[in-house]
Amino acid sequence: MYDDNLLAGRGLRLMFVSQLLALIGGLMREGILFGILNLVAVIMGIGALNVASPSHPYFSRAFWLNIVRLVLTGLTIFSGAYELTGLAIVFSMVGLALDAYIVYLVCTAAGQILILNGYATLAAKGATVWKVNLFCTIALACFMVMALEPILLILAGVLVIGTAIATLVGSILYLKFLSNAYHILLGAENF
């Protein structure tokens with residue numbers, strides 16, 4: 001049990017850094033630093049889930065889904081994502097769904113380990129995080145479909161602003177949950 005806590009804590013600490021880099025990169029949106037930050041974030045995320053995978057089967061599933069997501073991102077880029085083709089939209093929507101499922105798996109696995117350690121309140125916050133993430137994912141997928149119709153494009157553009165703010169808040173909540181969880185699971189002596 002103690003070893004599982006350490007493995008999960010180390011993995012969640014790496015996941016926290018990975019998500020922080022991804023958030024910073026996402027706010028930049030362009031340039032070579034954006035690409036480098038996102039590449040490092042993806043590699044660290046895969047490594048984090050690999051470290052945590054022995055502690056809970058959901059971490060292992062999230063690890064493999066993260067690799068599938070990386071391949072899917074490559075397919076999206078090569079299918080003409082910059083031209084907004086139908087295939088690119090399908091790949092992007094599947095990628096959004098995978099991202100939401102990975103957040104669900106990480107929050108649920110960490111939550112179950114936290115409950116075993118007596119931290120049910122923090123585990124409940126993890127459930128809130130994945131639900132906010134799921135809502136934002138569904139909204140973004142709807143806006144992607146709306147963007148295909150020129151009349152609805154303006155409406156989708158206006159609505160996506162609110163969703164972007166909600167997604168930013170959700171990302172900050174996810175970072176806070178990861179930080180709190182890894183601090184608890186690692187304990188003060190393992191920093």
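Predicted model: local features only at pLDDT ≥ 70, side-chain atom pairs only at ≥ 80, totals over all residues.
**Aromatic pairs**

A pair of aromatic rings is described by the distance of the centres and the angle of the planes. In this model the count comes to five aromatic pairs, and two of them are set out in the table below.

| Pair | Distance of centres | Angle of planes | Description |
|---|---|---|---|
| Phe 16 and Tyr 182 | 5.8 Å | 55° | tilted |
| Tyr 104 and Trp 130 | 4.8 Å | 85° | edge-to-face |

The pair of Phe 16 and Tyr 182 is called tilted because its planes stand at 55°, and an angle has to be over 60 degrees to count as edge-to-face. This pair links distant parts of the chain, since Phe 16 belongs to helix H1 while Tyr 182 belongs to helix H6, which covers residues 150–186, and the two residues are 166 residues apart. Phe 16 has a relative accessible area of 17% and is therefore buried, and Tyr 182, at 9% relative accessibility, counts as buried too; the limit that a buried residue must stay under is 20%.

The rings of Tyr 104 and Trp 130 have planes at 85°, so this pair is edge-to-face. Here, too, distant parts of the chain are linked, with Tyr 104 in helix H4 and Trp 130 in helix H5 (residues 120–146), 26 residues apart. Tyr 104 has a relative accessible area of 25%, so this residue is partly exposed. Both residues of the pair also take part in one aromatic cluster, which is formed by Tyr 58, Tyr 101, Tyr 104 and Trp 130.

**Thr 108**

Helix H4, which covers residues 86–116, also holds Thr 108. With a relative accessible area of 14%, Thr 108 is buried.

Helix H2 supplies the largest share, namely four residues.

Notes: Residues numbered from 1 in each chain as written. Heavy atoms only, no water. Buried < 20%, exposed > 50% of the residue type's maximum accessible area, 1.4 Å probe, protein only. Phe/Tyr/Trp six-rings, centres within 6.5 Å; stacked < 30°, edge-to-face > 60°.
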